[in-house]
Amino acid sequence: MSDASPSRRPRVLSGAQPTADSYHLGNYFGAFRQWAAMQDEFEAFYFIPDLHAITIDYDPALLRERTYIAAAQMLASGVDPDRSILFVQSQVPEHAQLAWVFNCLTGFGEASRMTQFKDKSAKNGAEKASVGLFTYPMLMAADILIYQADKVPVGEDQRQHVELTRNLAQRFNHRFGETFTVPEAHIVKETAKIYDLQDPTRKMSGSNASHAGVVDLADTPKQVAKKVRSAVTDSGSEIYFDREAKPGVSNLLTIYSAVTGKTVEEVVADYEGRQYGHLKVELGDLLADFVGGFSERAQGYLDDRAELDRIFATSAEKAREMTVPMLRTVYERSGFVLPG
Ligand code: TYM
């Protein structure tokens with residue numbers, strides 16, 4: 001049952017963890033923008049992976065609040081609940097039920113090679129890392145495969161997880177018969193990795209120790225302008241794109257290009273003969289405007305929790321139309337005796 005009937009639209013699926021009080025520019029340019037752009041051509045499934053969010057230390061009340069914020073920011077990014085299914089992972093229990101099967105199909109060594117696990121577990125010492133953090137990629141595989149997703153729009157840091165997902169789909173198909181669509185990562189090269197403004201050799205991330213280099217989508221315009229004006233730049237004074245020699249300037253050029261729709265070459269041409277300071281002040285103003293409008297839209301959605309709950313309920317119901325029969329098929333092929 002790979003349900004690849006010619007009549008069905010290709011499917012896109014992606015998620016973003018509700019582990020901070022706001023998503024940041026990296027999430028927006030690396031992922032959300034693609035989500036919104038793909039919802040017409042594809043049958044779209046976007047979700048808030050709250051089960052993934054408890055793989056690290058967390059506070060239950062905060063998780064619940066952040067789940068609503070996540071939905072509001074996804075909607076503010078252009079995800080349209082009439083065209084996309086926007087759901088909460090824990091409301092669709094089949095994800096976790098399928099994940100068990102993938103846990104049992106994945107080698108311990110294979111899971112140990114996941115670089116995100118290695119990075120995250122190294123932060124607080126491997127002894128303290130939860131078993132959930134270790135099995136996280138297999139839950140992600142279940143998220144994707146249970147919908148027969150064709151494309152998974154993500155940033156570069158998720159490539160290895162999508163690769164594992166492909167391997168698991170092929171492994172299951174090989175052992176138990178053709179069942180899963182083998183998905184592809186959809187990674188837009190230019191914005192696949194947005195870097196921290198204070199340390200442009202590491203990715204922008206909500207878990208970076210200092211937030212000075214992380215532009216949150218919920219920052220005030222003033223905060224944004226200040227963060228960009230204080231961005232670390234490189235030696236020399238000429239503005240051009242060179243990731244090795246000019247990591248700071250290259251990151252600013254990438255963001256400038258993403259927010260204006262100009263190519264990096266066009267931006268470089270615009271700034272010929274001008275200084276880093278000009279680039280930072282002007283980009284700061286552009287981003288302040290962008291984030292200002294964004295926050296206003298997100299707040300509008302956040303103010304109506306009942307409507308968000310309604311979207312979640314309708315979406316979970318639609319999602320389960322797919323996940324319940326799919327899980328049944330997988331369990332049947334796995335050798336389980338199905339309930340009457
Ligand atoms: P998460 O929550 O860390 O990030 C959400 C999305 O944002 C992208 N991203 C970035 N892109 C460019 N530059 C950056 N600095 C940057 N930081 C983050 C991420 O690549 C991601 O696309 N495991 C996933 C969540 C998940 C998922 C899934 C994704 C769970 N199940 C199924 C796709 C399909 C994660 O932790 O992303």
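The axes of helix H1 (residues 25-38) and helix H10 (residues 247-260) cross at roughly 50° and come within 12 Å. The model used in these exercises is a predicted one.

**Exercise 1.** Classify the packing of H1 against H10, and state which residues make the contact.

*Solution.* Start with the angle, which is roughly 50°. Angles of 65 to 115 degrees count as roughly perpendicular and those under 35 as roughly parallel, so H1 is oblique to H10. Next, take the handedness: H1 passes H10 in a left-handed crossing. Then list the residues. H1 contributes Leu25, Phe29 and Arg33, while Ile255, Ala258 and Val259 come from H10. Finally, sort the contact of H1 with H10 by class: five residues are nonpolar, none is polar and one is charged.

**Exercise 2.** Determine how H9 is oriented relative to H12, and describe the contact between these helices.

*Solution.* Helix H9 covers residues 221-229 and helix H12 covers residues 276-302. Their axes lie 8 Å apart, and the packing angle is about 150°. The cut-off for roughly antiparallel is an angle over 145 degrees, so H9 is roughly antiparallel to H12. The crossing of H9 and H12 is right-handed. On the H9 side, the contact uses Pro221, Val224, Ala225, Val228 and Arg229. These residues meet Lys280, Val281, Leu283, Gly284, Leu287, Ala288, Val291 and Gly292 of H12. By class, the contact of H9 with H12 holds nine nonpolar, two polar and two charged residues.

**Exercise 3.** Work out the relation of H4 to H8 and the makeup of their contact.

*Solution.* H4 packs on helix H8 (residues 159-176) at an angle of about 85°, and the axes are 11 Å apart. The range for roughly perpendicular is 65 to 115 degrees, and H4 is therefore roughly perpendicular to H8. From H4 the contact takes Val101, Phe102 and Leu105. From H8 it takes Leu168, Arg171, Phe172, Arg175 and Phe176. The contact of H4 with H8 divides into six nonpolar residues, no polar ones and two charged ones.

**Exercise 4.** Find the number of cavities of 30 Å³ or more in the whole structure, then characterise the largest cavity.

*Solution.* A search of the whole structure gives one cavity at this cut-off. The largest cavity has a volume of about 60 Å³. Its lining is formed by Gln116, Phe117, Lys120, Leu133, Tyr136, Pro137 and His161. Helix H6 (115-124) and H7 are the elements that give two or more residues to this lining. Of the lining residues of the largest cavity, four are nonpolar, two are polar and one is charged.

**Exercise 5.** Describe the second largest pocket by volume, lining and contributing helices.

*Solution.* The volume of the second largest pocket is about 190 Å³. Its lining consists of Leu51, Ile54, Thr55, Ala99, Asn103, Ser130, Gly132, Thr135 and Leu139. The most comes from H7, with three residues. By class, the lining of the second largest pocket has four nonpolar residues, five polar ones and no charged ones.

Methods:
Residues are numbered from 1 along each chain as its sequence is written. This is a predicted model: local features need pLDDT of at least 70, side-chain atom pairs count only at pLDDT 80 or more; totals for chains, interfaces and linings use all residues. Side-chain values use heavy atoms; hydrogens and water are left out. On a 1 Å grid over the protein atoms alone, a cavity is a set of points where a 1.4 Å probe fits but cannot get out, and a pocket is an open set with protein on both sides within 12 Å along at least five of seven lines; lining residues have an atom within 4 Å of a point. Grid points are joined across faces, edges and corners, and a volume is the space filled by probe spheres set on the points. Helices (H or I, at least four residues) and strands (E, at least two) are DSSP runs, numbered from the N terminus. Ala, Val, Leu, Ile, Met, Phe, Trp, Tyr, Cys and Pro count as nonpolar, Asp, Glu, Lys and Arg as charged, and the others, Gly among them, as polar. Axes are lines fitted to C-alpha atoms, for helices over the stretch in contact, and angles run from 0 to 180 degrees between N-to-C directions. A crossing is left-handed if the near helix is turned anticlockwise from the far one by less than a right angle, and right-handed if clockwise. Contact means heavy atoms within 4.5 Å.
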